[in-house]
Amino acid sequence: MKIGRKPDDEDLFEGSTMTFGEHLEELRICLVRAAMGLAVGVVIGFFLGRSVVHLIEQPLQKALGNYYTEQSVKSFDSWIPRDGSHATLPYSRTEVVDAVERKGFSFEMREVHPQQLALALAGTQHDPDMSTEQKDGSVPLKFDTESLVPIFLWQPLEKDSRVSITTLSAQEAFTIYIKAALLVGLVLSSPWVFYQLWTFVAAGLYSHEKQLVWTFLPVSIALFLAGVSLAFFFVFDFVLDYLLAFNQWLGLDPDPRISEWLSFVLILPIGFGIGFQLPLLMLFFARIGVFDAKSYASQWRTAIVVIFIVSAILTPADPYSMLFLAMPLCLLYFSGLAACFWTLPANDAE
């Protein structure tokens, strides 16, 4: 469908009977309605908050599980007996990989003296402060490192304390629950919020153009939900793997807190959802005469630079999340350019 164009000398709001103050009042009404819809969504989120928290934990727990699984296998491969020690590992690499990657177990490698371990298991008492040599009056016995042998402490990966997500205060769990309800409210109320925004935009359009709201609205909602889904089901895994790999490169063990992770979960999907509105904004600005398709085509290099800057603002401070937002936005920019050429008349596009 071709979108009609106003004459060049005709003002956009000329056909409107609303004054500037009435436009502000319309904006206030739309914002209040949007806030009420968000409040209803948050109330529903309170009933779903616990399930949402567990759902949000899954990507992080999965990433931590993969991280420590890889660390376990690397610790096995890098083990070297001490000088003078004839100790060997109690498992083959095939057994370790099978237990870790297929059976879902994790392990920590420790070293013991088998004789002392046997005495402890047998319940035999010995004087820990005086060795046999000391009783005989000879030189005190030194700690024997050459007799140490490695043992593996196994446990199911889900029981591994390193994979669990922690809170550091009693009230933090309540804050997490509130944030989860807010996330649910944002997603559930997004169709109503976008409807209110496009209703306000329609107030400044010609009467025959207000039907565009019903075309833009479903597309706007679909783009928002597509951005949120891309962030949650695809981007999180890559970003987490990168961040954990960076911890490994620095030699730091991650100890994530659920509140920090939830803040990350809130920022990234919402940033993706907002960013995915780019084609509609391009088409809208072209329709009201702020830009035209020719301008979009000639300024594509500048647009890409702006996209990367905005992507850095809308995402956390890591390169992966910025790239995963910037790359789809570049594609959406050219999609919006094609939509401008296709939907606007030839003289409008030029």
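Is the crossing of α7 and α11 right-handed or left-handed? In this predicted model, the crossing of these two helices is right-handed. Helix α7 spans residues 258–275 and helix α11 spans residues 319–343, and their axes come within 10 Å of each other and cross at roughly 15°. Since angles under 35 degrees count as roughly parallel, α7 and α11 are therefore described as roughly parallel to each other. On the side of α7, the contact is made by Leu-268, Gly-271, Phe-272 and Gly-275, while α11 contributes Ser-321, Phe-324, Leu-325 and Leu-329. Sorted by class, the residues in this contact of α7 with α11 comprise five that are nonpolar and three that are polar, with no charged residues.

Aromatic side chains were examined next. A search of the whole structure finds 17 aromatic pairs. In one of these, formed by Phe-107 and Phe-152, the ring centres are 4.7 Å apart and the ring planes stand at 20°, so the pair is stacked, given that planes under 30 degrees apart count as stacked. Phe-107 belongs to strand β1 (residues 105–112), whereas Phe-152 belongs to strand β2 (residues 149–156), and the pair therefore ties together parts that are 45 residues apart in sequence. Phe-107 and Phe-152 are both buried. These two residues also take part in one aromatic cluster, which they form together with Phe-76, Tyr-91 and Trp-154.

Notes: Residues are numbered from 1 along each chain as its sequence is written. This is a predicted model: local features need pLDDT of at least 70, side-chain atom pairs count only at pLDDT 80 or more; totals for chains, interfaces and linings use all residues. Side-chain values use heavy atoms; hydrogens and water are left out. Axes are lines fitted to C-alpha atoms, for helices over the stretch in contact, and angles run from 0 to 180 degrees between N-to-C directions. Helices (H or I, at least four residues) and strands (E, at least two) are DSSP runs, numbered from the N terminus. Angles under 35 degrees count as roughly parallel, over 145 as roughly antiparallel, 65 to 115 as roughly perpendicular and the rest as oblique. A crossing is left-handed if the near helix is turned anticlockwise from the far one by less than a right angle, and right-handed if clockwise. Contact means heavy atoms within 4.5 Å. Ala, Val, Leu, Ile, Met, Phe, Trp, Tyr, Cys and Pro count as nonpolar, Asp, Glu, Lys and Arg as charged, and the others, Gly among them, as polar. Rings of Phe, Tyr and Trp (its six-membered ring) pair if their centres lie within 6.5 Å; planes under 30 degrees apart count as stacked, over 60 as edge-to-face and the rest as tilted. Buried means under 20% relative accessible area, exposed over 50%, partly exposed in between (1.4 Å probe, protein chains only).
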